[in-house]
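Here is a short briefing to read with the model open beside you. Let's take the surface, the core, the rings and one loop in turn.

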Amino acid sequence: MYYGYGFMDPTYILVIIGAVLCLAASAHVKSAYRKYANVRSASGMTGAQAAEMILRRNGVTGVQVQHVAGELTDHYNPSTGVVNLSDTTYNSTSVAAIGVAAHECGHVMQHETGYLPLRFRTALVPVANIGSNIGIWIVMLGLILGLNSSLAMIGVYLFSFGVLFQLVTLPVEFDASRRALVMLQDYGILGQNEVQGSRAVLNAAALTYVASAAASVLQLLRLLMIVNNGRRRR
């Protein structure tokens, strides 16, 4: 018996659905980025210059803008106070690159203003990491190795913290994009039509977080189905 369902586990369909959602979202964001990576901004500013201007206009002095290797590996690290911009963003003058750089600055502004969902997500990081890494294994120990279902439910509860982290990430990412688009327009970094291009890129990127959250919810649902089925078979 495997996961309480036998060799042909029907709950795998949930995993497959989640994987398809993530692949589709990833393909969409890459397509949107490629499209607007070929649209040069009228200002001629690079992603790095746009980020530095946004930080300066908001009076942020303790944050640096640095280059990091890779494609779409952009991120803000609050522990080091660094906005890391990737190869495709740092020196690019495209509408796509400037939108991504502004998005990371949106995270900076969240941190500076104590944005509540960001604080909550940060607090969840330790337990979410534990739940995501060992939750499923504890479920396996509880069911495959013939231990009691209470242990399996502990694994489910731990995994649910990782799911909660994914869900809380959604408002954080959407808010960072909202802030980015407002700043790009208010500071004259991009024109109205160019902002629409950045919006298309950031909306596509947001879908990757939605897909990831959906996949996590589906996986949690699968674990609950497995544990409940194991209880019925006892």
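Patches here are made of residues with over 30% relative accessible area and no salt bridge, and nonpolar side chains are joined into one when they lie within 5 Å. Please keep in mind that this is a predicted model.

**Surface patch**
- Tyr12, Ile13, Val15, Ile16, Ile17, Val20 and Leu21 make a nonpolar surface patch of about 560 Å².
- One of these residues, Val20, belongs to helix 1, which covers residues 12-37.
- Val20 counts as partly exposed because its relative accessibility is 49%.

- In soluble globular proteins, nonpolar side chains tend to be buried together.
- The largest nonpolar core in this model has 29 residues, and Ile54 and Ile189 have the most contacts inside it.
- Two or more residues each come from helix 2 (47-57), strand 3 (82-85), helix 4 (95-113), helix 6 (149-186) and helix 7 (192-233).
- Helix 4 is the element that gives the most to this core, with seven residues.

**Aromatic rings**
- How many aromatic pairs does the structure hold? The count is zero.
- Two tyrosine rings do have an arginine over them: Arg222 lies over the face of Tyr12, 4.4 Å from the ring centre, and the charged end of Arg179 sits over the ring of Tyr115, 5.4 Å from its centre.
- Tyr12 is also one of the residues of the nonpolar surface patch.

**A loop residue to look at**
- Leu72 is not a glycine, yet its phi is positive, near 55°.
- You will find Leu72 in the loop between strand 1 (64-67) and strand 2 (75-77).
- With a relative accessible area of 32%, Leu72 is partly exposed.

Key:
Residues numbered from 1 in each chain as written. Predicted model: local features only at pLDDT ≥ 70, side-chain atom pairs only at ≥ 80, totals over all residues. Heavy atoms only, no water. Patch = residues over 30% accessible without salt bridge, like charges linked within 9 Å, V, L, I, M, F, W, Y side chains within 5 Å. Areas by Shrake-Rupley, 256 points an atom, 1.4 Å probe, with all protein chains shown as cover. Salt bridge = Lys/Arg side-chain N within 4 Å of Asp/Glu carboxyl O. Helix = DSSP H or I, 4+ residues; strand = E, 2+ residues; numbered from the N terminus. Buried < 20%, exposed > 50% of the residue type's maximum accessible area, 1.4 Å probe, protein only. Phe/Tyr/Trp six-rings, centres within 6.5 Å; stacked < 30°, edge-to-face > 60°. Lys NZ or Arg CZ within 6 Å of the ring centre and 35° of its normal. Core = buried A, V, L, I, M, F, W, Y, C linked by side-chain atoms within 4.5 Å.
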